[in-house]
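This briefing covers helix packing, strand pairing and backbone geometry. Please read it alongside the sequence and the coordinates.

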Amino acid sequence: MNEDVLTNQPIVRYENGELINKTDHYVTEFPLTIMVNGEEFATIICSPNHMEELVLGFLASEGAILKSDDLKSVQIDDSKGFAHVELTRPLGERFEYSTKRMIASCCGKSREFYFQNDAAVAKTSMSKIVISPKQILNMMTRLQSASAVFKQTGGLHNAAISDGEAFFEHRQDIGRHNALDKLYGYCIQRHIP
């Protein structure tokens, strides 16, 4: 996974009063335009891995799909930066008048509720799992330890699915919302509620 999100760049670093030629690593940013039923839906700036999961999770987060049964096909053309999604139904009135959106990787106001009724599709978790503060801190330490790319670059967000004891799945992206959407897409593909 590290190879597809890392890029090397020659740099000049100032250390101990000297200029030193070095190679540094940074995380690749990749624009992915999502086409839904032949129409441009959004362009996401992301790390170029687990892109089908990202597309599914993003569409579910936006309320465009609810489950994998809503999908007819998903084709990722990473050579051109496109995801072509065909749904089993039209997008619906709520998306009819929306404008093309660019979703940046930054963590500020890059992603907001775009439609008036987005709150209507947001759902509260009904999980009965109880996780203690000690478990949360332990999982944070383990997640940081598992992120080799973050250690090399300092420029990557991590997310994981956990029960407080074990990681079931782990994703990384330059955008924290993308890392979460990748996990959401992972769950959709596997019919995990």
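A residue counts as buried under 20% relative accessible area, as exposed over 50%, and as partly exposed in between, using a 1.4 Å probe and protein chains only. By that criterion K182, at 0% relative accessibility, is buried. The model is predicted: local features need pLDDT of at least 70, side-chain atom pairs count only at pLDDT 80 or more, and totals for chains, interfaces and linings use all residues. Residues are numbered from 1 along each chain as its sequence is written, and side-chain values use heavy atoms, with hydrogens and water left out.

**Helix α7**

- Helices (H or I, at least four residues) and strands (E, at least two) are DSSP runs, numbered from the N terminus.
- Helix α7 covers residues 176-189, and its 14 residues reach 20 Å from the first C-alpha to the last. That span is close to the 20 Å expected at 1.5 Å a residue, where the expectation is 1.5 Å times one less than the number of residues.
- Ten of the 14 residues of α7 are buried, and the helix is mostly covered. Among them are H177, N178, A179, D181 and L183.
- K182 lies in α7. Leaving aside residues up to four places away in sequence, K182 touches S47, N49, H50, E53, L54, R171, Q172 and D173; contact means heavy atoms within 4.5 Å.

**Packing of α2 against α7**

- Helix α2 (residues 51-61) packs with α7 at an angle of about 95 degrees, and their axes lie 6 Å apart.
- The two helices are therefore roughly perpendicular to each other. The contact involves E52, E53, L54, L56, G57, F58, A60 and S61 on the α2 side, and N178, D181, K182, Y184, G185, Y186, I188 and Q189 on the α7 side.
- Axes are lines fitted to C-alpha atoms, for helices over the stretch in contact, and angles run from 0 to 180 degrees between N-to-C directions. Angles under 35 degrees count as roughly parallel, over 145 as roughly antiparallel, 65 to 115 as roughly perpendicular and the rest as oblique.

**Strands β1 and β2**

- Strands β1 (residues 6-15) and β2 (residues 18-27) run antiparallel and are joined by ten bridges; two strands pair if DSSP finds at least two bridges between them.
- The bridge partner of Q9 in β2 is D24, while T7 is partnered by Y26.

**Positive phi values**

- Most residues other than glycine have a negative phi.
- N16, in the loop between β1 and β2, has a positive phi near 50 degrees. N16 is exposed, with a relative accessible area of 78%.
- H50, in the loop between β4 (39-46) and α2, has a positive phi of about 50 degrees although it is not a glycine. H50 is partly exposed, at a relative accessible area of 30%.
- Just after α7, H191 takes a positive phi of about 60 degrees.

**Cysteines**

- Zero disulfides are found in a search of the whole structure, a disulfide being a pair of cysteine sulfur atoms within 2.5 Å.
- C46 is buried at 0% relative accessibility, and C187 is buried at 13%.
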